[in-house]
Amino acid sequence: MSRTAVVAGVGPGLGASLARRFVAEDCRVGLFARSEDYVTDLADDIGERAIAVPTDVTDPEAVAEGFERVREAFGPVDVLVNHASGGAWKGLQDISDDEFAHALDVGPTGGLHCSREAVADMLDTDGGTVIFTGATSAVRGRGGAIGFSAAKFAVRGMAESMARELGPEGIHVAHVVVDGQILGPDAPAADRDAEEYLDPDEIAASYWHLVEQDRSAWTLELDLRPHVESF
């Protein structure tokens with residue numbers, strides 16, 4: 001069954017892998033990111049089943065306009081991945097109020113804006129799937145990253161709350177704890193082995209499994225890590 005998906009927060013790592021995997025599974029995909037050049041190039045590379053939608057997820061009007069562009073191109077949204085995150089890697093004494101607020105604006109507040117738009121479509125159709133990208137910091141606060149940790153804890157709480165609210169409406173909400181560093185487009189650091197990283201294409205395969213899960217056995221939280229990661 002062909003679906004319409006939005007990946008909010010597309011970059012050259014996991015975001016791009018998610019877009020490519022969804023298109024490979026016969027989805028039509030809206031690519032949301034602040035970087036117009038990047039998402040335009042990615043959409044051109046993927047082909048006609050992807051559309052670049054330069055969008056600042058912290059701006060509710062921009063998000064509404066972005067979803068309307070996706071609907072006009074591909075129809076109502078069935079799948080949303082809230083993948084955008086931000087946060088200065090600073091501790092309590094160093095982070096500014098603006099930096100802390102920005103982390104919350106991008107992660108939980110941006111997720112709120114996108115989820116409202118997508119869920120409105122899903123309630124009018126036959127349900128859908130909303131996935132939040134989390135991190136180790138969503139379950140264990142990281143020292144020296146108070147903004148990032150606060151935002152990721154908030155996103156996890158949102159996912160749990162939405163899952164309980166929307167599950168009876170046929171909408172699957174899941175949170176993915178990405179417990180480790182994701183392998184980027186470049187080779188691993190000289191002092192690390194590739195096996196210490198998560199492969200973004202394999203993470204994307206797990207996201208797609210969440211989309212396809214039967215309603216009788218939905219996952220609320222999925223944690224992923226390379227086999228050598230301690231936890």
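On the surface, E36, D37, D41 and D44 gather in a patch of negative charge; such patches consist of residues with over 30% relative accessible area and no salt bridge, like charges being joined within 9 Å. D37 belongs to helix α2 (residues 36–46) and is exposed, at 61% relative accessibility. The model is predicted: local features need pLDDT of at least 70 and side-chain atom pairs pLDDT 80 or more, while totals for chains, interfaces and linings use all residues. Residues are numbered from 1 along each chain as its sequence is written, and side-chain values use heavy atoms, without hydrogens and water.

Strand β4 (residues 79–82) is covered on both faces, V79 and V81 being buried on one side and L80 and N82 on the other. Here buried means under 20% relative accessible area, exposed over 50%, and partly exposed in between (1.4 Å probe, protein chains only). β4 pairs in the parallel sense with strand β1 (residues 4–8) over four bridges, and also with strand β5 (residues 128–135) over four bridges; pairing requires at least two DSSP bridges between the strands. A8 stands opposite N82, whereas T129 in β5 is the bridge partner of V79.

The whole structure holds 13 salt bridges, each a side-chain nitrogen of Lys or Arg within 4 Å of a carboxyl oxygen of Asp or Glu. One of them joins E68 to R71 at 3.2 Å; both residues lie in helix α3 (residues 60–74), three residues apart. E68 and R71 also belong to a network of salt bridges with E117 and D121.

Note on methods: Patch = residues over 30% accessible without salt bridge, like charges linked within 9 Å, V, L, I, M, F, W, Y side chains within 5 Å. Areas by Shrake-Rupley, 256 points an atom, 1.4 Å probe, with all protein chains shown as cover. Lys, Arg positive; Asp, Glu negative; His and termini not counted. Charge placed at Lys NZ, Arg CZ, Asp CG, Glu CD. Helix = DSSP H or I, 4+ residues; strand = E, 2+ residues; numbered from the N terminus.
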